[in-house]
Amino acid sequence: MPLNRTPSTAPARVLIVTAVQAEADALRRGLTGPYAGRYDLLAAGAGPAAAAAGTAARLAAGTYGCVVSAGIAGGFPGRAPVGSLVVASELVHADFGSETPEGFRSAAELGYGRTVYPADAERAGALAAALAAAGLAVSTGPVLTVSTATGSAAAADALAARVPGAAAEAMEGCGVAAAALAAGLPVLELRAISNPVGPRDRDAWRIGEALDALAAAATLLSEVPL
Ligand SMILES: O=C(O)c1cccc(C(=O)CC[C@H]2O[C@@H](n3cnc4c(=O)[nH]cnc43)[C@H](O)[C@@H]2O)c1
């Protein structure tokens, strides 16, 4: 199923935003199919603020039909194993809110900010189906944006309880989504799992494996019209 239905003779371009250049390079390596030329890659920096600023600046300078936040991520145990891919059903700014005597309350609950950005359902579904059909391990679910990476099992459990079905955690998705929303564009998030969400063990991150999964996903992206 085509992922980009913009009725135009010149198909809309897709902006893919990563945190670091290594992620953009992995995606570039995988963009080998006939639609590869439609994609622009931007390494905007780590964290939601850099992601939002970089995405907004690039969207102001070009014409795009869709924006994708992509890169490596932590996977929630039992939901997204290391080396697998996650296509976001929604992008959730999971640590944006306030601590209260009764516990964490989101900025949305408290009425001062947006914390959930739905992914473009049709494109996300078609992308996940295409990845699965190619034999890649892929799951769908909420992908969390956090400014502080989770570093303990208790914190991972708290986040999983805060966002039922949470599949992965990264640091940029909602920044990209805020910029896309301001520009009136649909957003997707695609993550390759480098580590479990839980006790911090940076030496155990399987970054090479995750970057290879990201490259494989990019190949699929470039073989179907997103
Ligand atoms: O050192 C490298 O070679 C290298 C290659 C690619 C990416 C990196 C990063 O450090 C990317 C940082 C980026 O990764 C996301 N991430 C990954 N795991 C987690 C996590 O468990 N919790 C939160 N974020 C995670 C995140 O989006 C970071 O911005 C290094």
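Start by selecting helix H2 (residues 48-61) and helix H6 (residues 173-182), which pack at an angle of about 30° with axes 7 Å apart. Helices here are DSSP runs of H or I with at least four residues, strands are E runs of at least two, and both are numbered from the N terminus. Axes are lines fitted to C-alpha atoms, for helices over the stretch in contact, with angles from 0 to 180 degrees between N-to-C directions. H2 and H6 are therefore roughly parallel (angles under 35 degrees count as that).

A word on what you're viewing: it's a predicted model, where local features need pLDDT of at least 70, side-chain atom pairs count only at pLDDT 80 or more, and totals for chains, interfaces and linings use all residues. Residue numbers run from 1 along each chain as its sequence is written.

Now show the H2–H6 contact (C-beta atoms, placed from the backbone, within 7 Å): among its residues are Ala52 and Leu59 of H2, and Val176 and Ala179 of H6.

Finally, pick strands E5 (residues 97-100) and E6 (residues 103-106): they run antiparallel, joined by 4 bridges. Gly97 has Ser106 of E6 as its bridge partner, and a hairpin of 2 residues links E5 to E6.

Definitions and conventions:
Angles under 35 degrees count as roughly parallel, over 145 as roughly antiparallel, 65 to 115 as roughly perpendicular and the rest as oblique. Two residues are in contact if their C-beta atoms, placed from the backbone, lie within 7 Å. Two strands pair if DSSP finds at least two bridges between them.
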